Amino acid sequence: MDIEKDSKNDIMQDDEVANIIRRIFSAQVVYSIGKVVEDSSNKIQKVYELRCDISPQEMFRLCRKMKRIFLASEGLLKIDGNTPIIVVADLHGQMVHLLRILRTSGLPPNQRYLFLGDYVDRGVQGILVITLLFCLKARYPNHIFLLRGNHEDVNTTLNYGFYDECLNRWPSENNQKGEDVWLQCIEVFNSMPLAAVVNSKVFCCHGGLSPFMNSLEDINKIQRPLIVPAFGIACDLLWSDPSQADREGWALSHRGISFTYGHDVVEEFCKKNNISLVIRGHQLFREFYTSGYVVRFGGLLISLFSALNYENHRNNAAVMKLEFKGMRKNLEVTPIVFRCRHYYPQKYTEMIGFKDCEKMLKREEVKSSFNSL
Ligand SMILES: [Mn+2]
């Protein structure tokens, strides 16, 4: 795929989306003094936040667009092309860290991204994370791919923070405004694709495999919009985990939902579907304190986690660069690790400084909206 030619096809003359992207990229990063957390060492942990306002009306319009965009694609995305693609796993409301990832790896349309879900909950800025990712998807549909995680769900968001974040961001009588936006977001979540295959070789989803999945095509048979069921393929794609020890086969998950799968299961899945690698997120392991990712099952499966210092765990985070090189399109996987200790706040304010943002948006001749600002 020629990236220049492709980017021309990507252009959507949508001034509102361009405007939101621009506002987010030029917003200021501040310490959230009000949300000081004390960790086990009793040191005060300050939280970075991006200061940027989004109106409920903007969210409603964005959600309507996204529902249409997600439902137009299949439940199993087939992503092809020779240009590299960056795989990003759990973000959990870490807006500033998302900007860091984009700045480090490059902005679309110069870089392609596949996100594995869990954009919201746990962290403080899930709304901005999905707002930016939705806008980038609307604008660069062939460069940004978004899968659903188990937190993109009505029950999970009620319990783990995203619902409250909506109420707090848009306070109103009876919490009506925040609740309306939350409901719109849930409808978008229900429409999101569940898994992806990159160049027919790399299978990606949030949680993992399912004992009910006989072929990859089964994923496309799942009807959307979909409330995540307590049982079945869609549930497992979002909730399952690889076995912890050397346990083979399928077992019930300690999570109380879905299953764990062993080395043999992954091997069989890969052989049957001609897949050389499975990449999934969903879990924080001991190994992530040093690396942000872990390779399992003789190199067939990578667990990836992209939220830094997740819930004060001081863990490192990683994203994976996939490249297909040479005539035979040999897969090359390069981790990009973000070390927790490198990102401790030094100053009271810090600009992320997206100098490329203007360039990126201008290249596509949406000057109208910027010149008027
Ligand atoms: Mn998860």
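**Exercises on helix packing and strand pairing**

Helices H3 and H8 are roughly parallel to each other, where an angle under 35 degrees counts as roughly parallel, over 145 as roughly antiparallel, 65 to 115 as roughly perpendicular and the rest as oblique. The model is predicted: local features need pLDDT of at least 70 and side-chain atom pairs count only at pLDDT 80 or more, while totals for chains, interfaces and linings use all residues. Residues are numbered from 1 along each chain as its sequence is written.

**Exercise 1.** Determine at what angle H3 and H8 pack, and which residues meet.

*Solution.* 
1. H3 spans residues 56-72 and H8 residues 176-191; helices are DSSP runs of H or I with at least four residues, strands are runs of E with at least two, and both are numbered from the N terminus.
2. The angle is about 15° and the axes are 8 Å apart; axes are lines fitted to C-alpha atoms, for helices over the stretch in contact, and angles run from 0 to 180 degrees between N-to-C directions.
3. H3 passes H8 in a left-handed crossing (left-handed if the near helix is turned anticlockwise from the far one by less than a right angle, right-handed if clockwise).
4. With contact defined as C-beta atoms, placed from the backbone, within 7 Å, the H3 residues include Met-59, Phe-60 and Cys-63, and the H8 residues include Val-181, Gln-184 and Val-188.
5. The contact residues divide into ten nonpolar, two polar and four charged (Ala, Val, Leu, Ile, Met, Phe, Trp, Tyr, Cys and Pro are nonpolar; Asp, Glu, Lys and Arg charged; the others, Gly among them, polar).

**Exercise 2.** Describe how S13 and S14 pair, and what lies between them.

*Solution.* 
1. S13 (residues 293-296) and S14 (residues 301-304) pair in the antiparallel sense over four bridges; pairing requires at least two DSSP bridges between two strands.
2. Val-295 stands opposite Ile-302 in S14.
3. The two strands form a hairpin with four residues between them, and Phe-297 in the turn has a positive phi of about 55°.

Methods. Two residues are in contact if their C-beta atoms, placed from the backbone, lie within 7 Å.
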